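User: Can you walk me through this model? I'd like to start with the sheet and then move to the ligand.

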Amino acid sequence: MKKNDIGVIGLAVMGENLILNIESKGFSVSIYNRTAQKVSQLLETRARGKNIQGAYSLEEFVDQLERPRKVMLLVKAGDAVEDLINQIIPLLEPGDIIIDGGNSNYLDTIRRTELVESKGLLYIGTGVSGGEEGALRGPSIMPGGSKQAWPHVKPIFQAIAAKVDGSPCCDWVGDNGSGHYVKMIHNGIEYGDIQLICEAYHLMRDLLDMDSGEIASKFAYWNQTDLSSFLIEITADILNYKNENGIYEVDCILDRAGHKGTGIWTGVTALELGVPLTLICESVFSRILSSMKDDRVNASKVITKAAPVFNGDKNAFIDDIGKALLASKIVSYAQGFELLKAASASYGWELDYGSIALMWRGGCIIRSVFLGTIKEAFERDPGLKNLMLALYFRQKLEQSLPSWRRVASTAILNGIPAPAFCSALAYFDGYTCANLPANLLQAMRDYFGAHLYERIDAPRGQFFHTNWTGKGGTTTAAPPS
Ligand code: 2AM
């Protein structure tokens, strides 16, 4: 009997939809799940009559697969992945491939690649983005790990992935944990995009006094511009949605944001690698602050502050908000790609930034026209120092700057928090400032800790120390010997 092209373990919605997507592209699939009942359930319902075979033990499952076996795990990140890898390793043969398609931490994937390879097997950790709908109709897929495994899974992955202008939103990312790393950065960028949209909404709602339907029409308009993206599109849909009582549903939702942790992971790696990822980090903190609902309600009663007042030209300010959104988004992606570069250097991944932009161009949550422009920028100049310097983005930033400053300052003057708009602008102003006040900072570090400093009139790398208290104070540290 002919064996199956691939096996999938884990029958939650993502798993089920991905299985149906794979089968629809002409591949045969074996399925297995810890709770066996789900296997028979799927076979009797959505998988009925399809080229999908159930297995009720891991041994039976492995035996159904064509060699080299491709075993894809779509189970909860963490212990479930760990346990299954350990259970399945003894059942596989050299050259067989284990694929983790969940949201695993890239450090786990680095470790697991090494473990699995040490057993003569191959490992892939792949990001899969696009939610349940994407899994069924074409997700963005970001695989990394054992490079020798790629030719075996490439035909399947590229067949099921989303396509943009005929190109699949899936390509080999790099060694060990790079696929999951790129997926993590995707999620971080998603946090930033969402936060920017929420700040734009907040300004229109609380400063310009617009109702949800009016705000929806602005997002619908922006979706026809450079801002065109899945998240802007769904924002217009959400804001327009009225419930059975004729009330905008969004106005009934409690303002406490949840998160699953990938934003925090992104912030941690940015700090570790020394990359100023300010906008995404502010977005993570904003979610955390939002979750402190009771504290905020209490503080809003205890501390007095003036209510927002807007006396300007409303339409002109809405136009400003659109420009601030685009400029801040450019900063967010510039920071995200800076982080990818730092990680690539640190982990030796040799990431291809144009290819990553293409993988995110369709299928995933951050899909947008904008990512096509990023892809072109990296194609034109693979060594691009910072995305903000590419001609298109530079021009957009310059054109948006007065609007961006008006939005940030108006938000501050009216007490409407806009941390993503403001931190993006601060980063932009810092990055484009030839002379920061870090000369004073270095002097202080030298004063209290003899940390030394470089001088503007001496070559870089030559360090100086001053006995600062020689002309007054009482103590100064000695330079390190
Ligand atoms: P279950 O249906 O038996 O709960 C998402 O939770 C998927 O991960 C489900 O298919 C679930 O199986 C599976 N899963 C969660 N924890 C697991 C574990 N420790 N071992 C195997 N599968 C697990």
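Analyst: What follows covers the sheet, then the ligand site. This is a predicted model, where local features need pLDDT of at least 70, side-chain atom pairs count only at pLDDT 80 or more, and totals for chains, interfaces and linings use all residues. Residues are numbered from 1 along each chain as its sequence is written, and side-chain values use heavy atoms, with hydrogens and water left out.

User: What's the strand order in the sheet?
Analyst: The order is β3-β2-β1-β4-β5-β6-β7-β10, an open sheet with mixed pairing. Strands are DSSP runs of E, at least two residues, numbered from the N terminus, and two of them pair if DSSP finds at least two bridges between them.

User: Which strands stand at the edges?
Analyst: β3 (52-54) and β10 (174-175); each has a single partner strand, so one side of each is left without a neighbour in the sheet.

User: And how many bridges join β1 to β2?
Analyst: Four, between residues 6-9 of β1 and residues 29-32 of β2, and the two strands run parallel. Among the paired residues, Ile 9 has Tyr 32 in β2 as its bridge partner.

User: Switching to the ligand. Which residues surround it?
Analyst: Gly 10, Leu 11, Ala 12, Asn 33, Arg 34, Thr 35, Lys 38, Val 75, Lys 76, Ala 80 and Leu 84, counting a residue if one of its heavy atoms lies within 4 Å of the ligand.

User: What does the side chain of Asn 33 do there?
Analyst: An N or O atom of that side chain is 2.7 Å from a ligand oxygen. A polar backbone atom of Leu 11 is 3.0 Å from an oxygen atom of the ligand.

Notes:
Polar contact = N/O pair within 3.5 Å; in protein donor to acceptor, adjacent residues only side chain to side chain.
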